[in-house]
Amino acid sequence: MQDQENQELSKQDNAAAQADTTAAAATEAAQASAGQAGVPPSGAPAAPESDLEAQLSATEAKLAEMHDAFMRAKADAENIRRRAQEDVTKAHKFAIESFAEAMVPVRDSLEMALKVETQTVEAIREGVEMTLKQLTAAFEKNRLVEVMPAAGEKLDPNKHQAVAVVPSEQEANTVVTVLQKGYMIADRLLRPAIVTAAAPK
């Protein structure tokens, strides 16, 4: 009888131990699952407020740094825009400075020629030729190019202006004579050459 009671108590103890083991395993599993989900296990301390404050301070510092960099870039862009505008204004104001500088000697030569009291035809011609050379050099320096088509050259409406159509043995729509030469500044037409053109046969 005593043996039976001892066996029953032993069975009860074993069952209680198994129940404790099962409960402990379930608790550990629940804690592990909660940890994976980002929820601190029961009894674990929450993130201290000092960490959150430190993160907030770091974020505010980064934001202030980025704002400062933005303001500096904005100021630099404004300075570049202002300097570019000043350069454009100066370019417009002094656009003919180089040409004017090249033309001053031409005027000097003309004034000197008028001061000579007794002039010969040869002296006048020599003075005019020298002045023309100065003027031609001034034109070349500033890319002012003559438009002087040769006889028989194809009429170009972008450079030539035909004021008359005359009978000619040449091919139609070609230059017969040049009445007045034209000029171009670089690739831009300043004045077309005035010409007569050959009439169709």
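Let's start with three rings: Phe99, Phe139 and Tyr183 come together as one aromatic cluster. Keep in mind that this is a predicted model, where local features need pLDDT of at least 70, side-chain atom pairs count only at pLDDT 80 or more, and totals for chains, interfaces and linings use all residues. Residues are numbered from 1 along each chain as its sequence is written, and side-chain values use heavy atoms, with hydrogens and water left out.

What counts as a pair here? Rings of Phe, Tyr and Trp (its six-membered ring) pair if their centres lie within 6.5 Å; planes under 30 degrees apart are called stacked, over 60 edge-to-face, and the rest tilted. By that rule there are two aromatic pairs.

Take Phe99 and Phe139: they are stacked, at 6.3 Å centre to centre with 25° between the planes. This pair ties together distant parts of the chain, with Phe99 in helix 3 (residues 97-115) and Phe139 in helix 4 (residues 121-141), 40 residues apart. Helices (H or I, at least four residues) and strands (E, at least two) are DSSP runs, numbered from the N terminus.

Phe139 also pairs with Tyr183, this time edge-to-face, at 5.7 Å centre to centre and 80° between the planes.

Buried or exposed? Buried means under 20% relative accessible area, exposed over 50%, and partly exposed in between (1.4 Å probe, protein chains only). Phe139 is buried at 17%, Tyr183 is buried at 17%, and Phe99 is partly exposed at 29%.
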